[in-house]
Amino acid sequence: MNAPVVRYLTGITTTGTPHLGNYVGAIRPTVQASRRPGTQNFYFLADYHALIKCDEPARIQRSTLEIAACWLAAGLDPEHVYFYRQSDIPEIPELTWLLTCVTGKGLLNRAHAYKAQVDKNNAAGVDPDFDVTAGLFMYPVLMAADIIMFNAHKVPVGRDQVQHLEMARDMASSFNHLYGEHFTLPEAQVDEAVATLPGLDGRKMSKSYDNVIALFGPREQMRKQIFSIVTDSRAPGEPKEVEGSALFQIYQAFADEGETQALRKAYAEGIAWSDAKQLLFERIDREIAPMRERYDALVANPAELERILKAGAKKARAIATPFMATLRHAVGLRNLADQPASSKGKARARSALPSFKQYREADGKHYFKLVDAGGALLLQSAAFDSPQDAGRAVARLKQDGLAAAGDAARLAEGVSEAQVGAALAQLAAG
C-alpha cells in the first residue's frame, strides 16, 4: 500500500523585495522541499494579506512580480507544484466569510498582532483600537482559509506564526463540528535548522532595520553591501572570533562544511576583514549569479509571469471550486430544489452523539474533554504541550478505548468507566 500524500502549504506576503535572509530562511528551503517524494506542495503570493499592511498599489504590484520571479529563479517548478496568487482564488475570501461565522471574537482577541497593537495604544494613552483595521483583526481567519481551502497537512512557519496555525485548527474544528468533517486539521512545522541571517549591523536581517543584502540586486551592489558589514577593529594578523561574527554566520549559510572549517581556521590565523568579506562575496555570488540572470529575464517579461500565475490559479481552482461547492451545500447555500429527506435526521443523529472538545487554556497548555450528547462532562484530559499531542491522545482513545488513556485523562466526578466506554462505542458506531 502506498503511503498517503502529505500536503504542504507556504505563502509570502507581497510587500517588499526579497533579500538574502528571505532566500536562506524561506525561498531556498521551500524550493528544496518542493522536490520531496510523496508530497503535494502549494506556494502562493499572499497579496490579500499585503493589503492589511500596505496601501501603496504600485508597491504591492511590484512586490508580487519580484517575489514570483525570485521563487521561479531559485528553481521552483510550476509544473510540479501549485503556484498561484492568492487574489486569483475567489474561493478563499468566500471561505473566509464562512469561517468568520463560526469563529468567536474572543479567539481573535488573543491574536498576537492585534494584542500588540492594543498594548501599544494603551501604553500611548490612546483608544485601544486606534489604527486597528478590521483587516488586521481578521488576519487569522484569512490565513486559516488559505490553509484549509486545500486541506494542508503541514504548514512551515516561524515560531511567531504557530499561534495562527492553532487558531486555524480551532476554526476548522468548529466548522467540522457544525457541518460535518470537511477539513483536515493542519499542523505547524517549525524547522529549527533553518538559518536566520544577521544583517549588515549584526541584528536580524530585516527591511525594518534597513540592514539587508538584496537578493538579486546588481552584482556590484551586493559586493558593496557585503563590504559594509560591521566588523570589529582587529587588524590583519590578529586572531578573530567566529562567535558573534555576522560575516561568518552569513558565510556558513552558503558554504559546505569544508569551506566553513577553512574560514574558521582563517579567522584563528588572523585573516584581514577585507579578505574575509571578499571570500563571502565570491561564495554568495557563485550561488546567486546563475539565478540572477533568470530573475532579470523574468522581471523584464511580466506577461510571462502573469501567464504562469494564471495557469497556477487554474490548477489550484480545480481543487478549490468543487470543494467550495461542497462547503456551500453543507452550510445551506443550496439549490432550493435540493432538499434531501434525511438531512434533518442526520443532523439530529450527529447532535445526539458524544463528542471530544479540544481547547487551549490561559496557561498555554492544550486539553481535551469528552462530553455526552447533552454536554455533560465524562472525561477530562491532563495538560499537553501542543494540540498535536492532545489530538493523538484523542485518536488513541477512539481507536483503543479507555484503556489507552493511561495518565492522559481522568474520569469526571461520578462517572463510571462503563459510561465512558459506552460513549466511545457510540462514537465508533456513529
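1. Tyr-267 is buried in this predicted model, its relative accessible area being 0%. Trp-273 is likewise buried, with a value of 11%, and the two residues form an edge-to-face aromatic pair, in which the centres are 5.5 Å apart and the planes stand at 80 degrees.

2. Counted over the structure, the aromatic pairs come to 16. Among them is the pair of Tyr-84 and Phe-150, which is classed as tilted because the ring planes make an angle of 50 degrees, with 5.5 Å between the centres. Since Tyr-84 belongs to strand β3 (residues 82–85) while Phe-150 sits in the loop between α7 (134–148) and β4 (154–156), this contact ties together parts that are 66 residues apart in sequence. Both Tyr-84 and Phe-150 are buried, and they belong to one aromatic cluster together with Phe-42, Phe-44 and Tyr-82.

3. Two arginines deserve a look alongside the rings. The charged end of Arg-36 is placed over the ring of Tyr-8, at 3.8 Å from the ring centre, and Arg-223 lies over the face of Phe-227, where the distance to the ring centre is 4.4 Å.

4. A search of the whole structure finds 0 disulfides. As to accessibility, Cys-70 is buried at 2%, whereas Cys-101 is exposed at 52%.

Terms used:
Residues numbered from 1 in each chain as written. Predicted model: local features only at pLDDT ≥ 70, side-chain atom pairs only at ≥ 80, totals over all residues. Heavy atoms only, no water. Disulfide = S-S within 2.5 Å. Buried < 20%, exposed > 50% of the residue type's maximum accessible area, 1.4 Å probe, protein only. Phe/Tyr/Trp six-rings, centres within 6.5 Å; stacked < 30°, edge-to-face > 60°. Helix = DSSP H or I, 4+ residues; strand = E, 2+ residues; numbered from the N terminus. Lys NZ or Arg CZ within 6 Å of the ring centre and 35° of its normal.
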